[in-house]
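Work through the exercises below with the sequence and the model in view. Each task is followed by a worked solution.

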Amino acid sequence: CDCGACENRGITAAMSDSAITFAVVGAVVVLFIWNRLPVVLVALGTALALYFTGVLDLGQALGGLGDPVVVFIAALFVVSAGLEATGVTAWAGQFVVAKAGESRVRLLVLLGLTTALLTAVITPNGAVAALLPVAVVIAVRLKRPPSQLLMPFVFSSHAGSMLALTGTPVSVLVSDVAAQSAGGAFGFFEFGIVGVPLLAGTIAIIVLFGERLLPHRKGKSIPADLSRHARTLVEQY
């Protein structure tokens, strides 16, 4: 039917669905900030709320659980946990300490490259969760303020996410859409065309200006055992 009344009803229904969706998203944000319910329950509750309000059908509500991109990203966190459990991250920390010696420049360059390479394989969240305790321990062993290493550590991680397709879920999603609508997916290292100069520039800024721009502070105390810290971060993510 092409009559104006049917068209108006369609617009009203669409606005109603939009209002419901915004309300659900607002409730989800509040629950995330409240942080009293498990993230998994909130996520599943969002899909169920959109289903029972009629915004999505059952297939749409559950479709994301079987999406190849979601499964792929979840598998990266398994790899992250495996690297931490098998001692790869501990070995990386020992390598950085041994090669850096007393040199601040070598320490920042090696830490940045190690973080970036690991990020390119398992995303920033997984890499940071695995290497964060290592960065703190390196700072303590070399008697440097952790604040001088943690910020460069984070920036190197984000720069490293542009080295490969697996570096960030955003790249995976964009590549998946490109494969469906633009005639072909991005190559595994194609993002590195931008990522390599970005990482080089990030490390250069950290080395040249980091000591003056970053704060020189450290905690009054540090836990004696950081071995469970990475596991806690992985579980939270």
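**Exercise 1.** Which residues of helix α7 are buried, and which helices do these residues pack against?

Solution. Buried means under 20% relative accessible area, with a 1.4 Å probe and protein chains only. In α7 the buried residues are S147, Q148, L149, P152, F153, S156, S157, A159 and G160. They pack against α6 and α9 (192-213), where contact means heavy atoms within 4.5 Å.

This is a predicted model, in which local features need pLDDT of at least 70 and side-chain atom pairs count only at pLDDT 80 or more, while totals for chains, interfaces and linings use all residues. Residues are numbered from 1 along each chain as its sequence is written, and side-chain values use heavy atoms, with hydrogens and water left out.

**Exercise 2.** Is R104 buried or exposed, and which residues does R104 touch?

Solution. R104 lies in helix α6 (residues 104-141). Its relative accessible area is 16%, so R104 is buried. Leaving aside residues up to four places away in sequence, R104 touches R144, I206, V207, G210 and E211.

**Exercise 3.** Describe how α4 and α8 cross, and name the residues in contact.

Solution. The axes of α4 (residues 68-85) and α8 (residues 169-181) come within 10 Å and cross at roughly 155°. The helices are therefore roughly antiparallel, a term for angles over 145 degrees. V69, F72 and I73 of α4 meet P169, V172, L173 and D176 of α8. By class, this contact has six nonpolar residues, no polar ones and one charged residue.

How values were computed
Axes fitted to C-alpha atoms, helices over the stretch in contact; angles between N-to-C directions. Helix = DSSP H or I, 4+ residues; strand = E, 2+ residues; numbered from the N terminus. Parallel < 35°, antiparallel > 145°, perpendicular 65-115°, else oblique. Nonpolar A, V, L, I, M, F, W, Y, C, P; charged D, E, K, R; others polar. Buried < 20%, exposed > 50% of the residue type's maximum accessible area, 1.4 Å probe, protein only.
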